[in-house]
Amino acid sequence: MATLTHDGVTGNQLRAGLLFAVVSASSFGLSGPLARGLMNAGWSAAAVVAARVLLAGVVLLPLALPQLRGSWNLVRANATLIIAYGLVAVAGTQLAYFNAVAHMEVGTALLIEYTAPIAVVGWLWVRHRQRPGAATVGGAALGIVGLLLVLDVASGLSTDPIGIAWALGAMVGAASYFVLSAHGVDLPGTVLAAGGLLIGGVALVLAGVVGIVPLRATTEAVVFDDFTTPWWIPILTIGIVTAAIAYATGIAATRRLGARLASFVALTEVLAALLFAWALLGESPRPIQLVGGTLILVGVIAVRLGEPTPIPIGDPETPAATEEPSATTRPEADHQR
């Protein structure tokens with residue numbers, strides 16, 4: 001497998017990475033309210049996800065193919081990465097999450113899934129010896145406390161072992177999304193996103209065919225808080241905006257920020273989901289949730305302050321054309337996998 005980008009970033013990479021990360025988190029955050037409207041109209045959760053990722057893959061494919069410039073050897077060299085991204089980061093995460101919410105409260109399942117940044121920090125520490133500093137640990141604590149407040153799960157937690165097991169699976173899938181997105185810097189991010197989304201979508205359809213998840217779709221109008229729209233408008237939006245744009249910008253962000261920082265910035269998705277739910281579903285956020293959102297942002301800043309010293313890694317979207325760093329300057333995480 002190709003190299004893993006290091007978590008040190010330069011100033012330009014930081015600014016671009018944060019912009020991509022915010023766009024990705026905001027796009028992902030829109031998916032929940034749109035999916036809720038579709039499910040209220042009769043769609044099953046798996047059908048929404050399958051339509052979402054397949055449409056996104058089709059939309060990104062015309063953009064991905066020109067970036068290859070006929071270099072299909074890049075696809076062959078990164079085939080394992082693309083397949084793992086599609087099956088684990090896309091299909092696996094979605095299947096695990098929807099099975100979790102079938103056995104436990106949605107808020108509890110989300111809470112467990114969004115502990116993924118801690119898993120990313122642990123993975124980078126154990127596997128790549130990137131030991132987190134005090135600022136990173138403190139930022140992680142603030143982010144988790146903020147997440148507890150945003151999700152407002154104080155009313156009670158489910159102890160269903162099956163639900164917890166599925167939610168932990170979703171957490172592993174979410175952490176894998178950031179770790180895998182940081183790999184394959186020689187493979188354009190749009191190519192990784194398109195290939196992974198198509199593979200994940202096909203896997204979800206097959207899971208529905210064999211009965212693992214229900215696939216049900218309707219052509220009923222979709223009703224939101226202040227308006228009603230034909231079913232195809234939220235489907236197009238959920239496929240193009242919340243998947244095609246979200247996954248492509250998420251990969252771009254992770255390759256510039258590193259898996260650790262990108263995973264913490266992605267916690268703002270929960271706050272974005274609250275705001276979109278307020279606008280589309282009339283679910284206004286409570287003051288405690290706004291406080292939680294503030295803590296998440298403070299935690300992200302703390303994690304950034306705890307990042308390693310910037311190390312130039314070249315253009316994260318294309319193969320490096322510069323000479324290899326010497327043995328004394330090569331970061332431990334930049335090794336062949």
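User: Let's start with Trp 231: how accessible is it?

Analyst: Trp 231 comes out as partly exposed, at 30% relative accessibility. For that scale, buried means under 20% relative accessible area, exposed means over 50%, and partly exposed is in between, with a 1.4 Å probe and protein chains only. Keep in mind that this is a predicted model: local features need pLDDT of at least 70, side-chain atom pairs count only at pLDDT 80 or more, and totals for chains, interfaces and linings use all residues. Residues are numbered from 1 along each chain as its sequence is written, and side-chain values use heavy atoms, with hydrogens and water left out.

User: Got it. How many aromatic pairs are there in the whole structure?

Analyst: A search of the whole structure turns up eight aromatic pairs. Trp 43 and Trp 231 make a tilted one, with 6.2 Å centre to centre and 35 degrees between the planes. Rings of Phe, Tyr and Trp (its six-membered ring) pair if their centres lie within 6.5 Å; planes under 30 degrees apart count as stacked, over 60 as edge-to-face and the rest as tilted.

User: Where do those two Trp residues sit in the chain?

Analyst: The pair links distant parts of the chain, 188 residues apart: Trp 43 is in the loop between helix 1 and helix 2, and Trp 231 is in the loop between strand 2 (228–229) and helix 10. Helices (H or I, at least four residues) and strands (E, at least two) are DSSP runs, numbered from the N terminus.

User: And Trp 43, buried or exposed?

Analyst: Trp 43 is buried, with a relative accessible area of 7%.

User: What about Tyr 177 and Tyr 247, how are their rings arranged?

Analyst: Those ring centres are 5.8 Å apart and the planes sit at 80 degrees, so the Tyr 177 and Tyr 247 pair is edge-to-face. This pair also links distant parts of the chain, with Tyr 177 in helix 8 (residues 161–181) and Tyr 247 in helix 10, 70 residues apart. Tyr 177 is buried at 8% relative accessible area, and Tyr 247 is buried at 3%.

User: Which residues are in the ring cluster?

Analyst: Ring pairs link Phe 28, Tyr 85, Tyr 177, Phe 178 and Tyr 247 into a cluster.

User: Switching to helix 1. What does Ser 27 touch?

Analyst: Ser 27, which lies in helix 1, is in contact with Val 241, Thr 242, Ile 245 and Ala 246, leaving aside neighbours within four places in sequence. Contact here means heavy atoms within 4.5 Å. A polar atom of the Ser 27 side chain also lies 2.8 Å from the backbone oxygen of Val 23. Ser 27 counts as buried, because its relative accessible area is 7%.

User: Which backbone oxygens does the side chain of Thr 249 reach?

Analyst: The backbone oxygen of Ile 245 is 2.6 Å from a polar atom of the Thr 249 side chain, and the backbone oxygen of Ala 246 is reached at 3.2 Å. Thr 249 is in helix 10 and is buried at 12% relative accessibility. Not counting residues up to four places away in sequence, Thr 249 touches Phe 20, Val 23 and Ser 24.

User: Now the outside. Which residues form the nonpolar patch on the surface?

Analyst: That would be Leu 19, Val 23, Val 59, Trp 232, Ile 233, Leu 236, Ile 240 and Ile 245, with about 630 Å² of accessible area together. Accessible areas come from the Shrake-Rupley method with a 1.4 Å probe, and for residues only the protein chains shown count as cover.

User: Which helix gives the most to the nonpolar patch?

Analyst: Helix 10 does, with five residues. Helix 1 (11–40) and helix 10 (232–257) each supply at least two. Ile 240, found in helix 10, is partly exposed at 32% relative accessible area.

User: Last one: what does the secondary structure of the chain come to?

Analyst: The protein chain has 13 helices and two strands. Of its 337 residues, 51% count as buried. The chain exposes about 14800 Å², with carbon and sulfur atoms supplying 68% of it.

Terms used. Patch = residues over 30% accessible without salt bridge, like charges linked within 9 Å, V, L, I, M, F, W, Y side chains within 5 Å. Salt bridge = Lys/Arg side-chain N within 4 Å of Asp/Glu carboxyl O. Polar contact = N/O pair within 3.5 Å; in protein donor to acceptor, adjacent residues only side chain to side chain.
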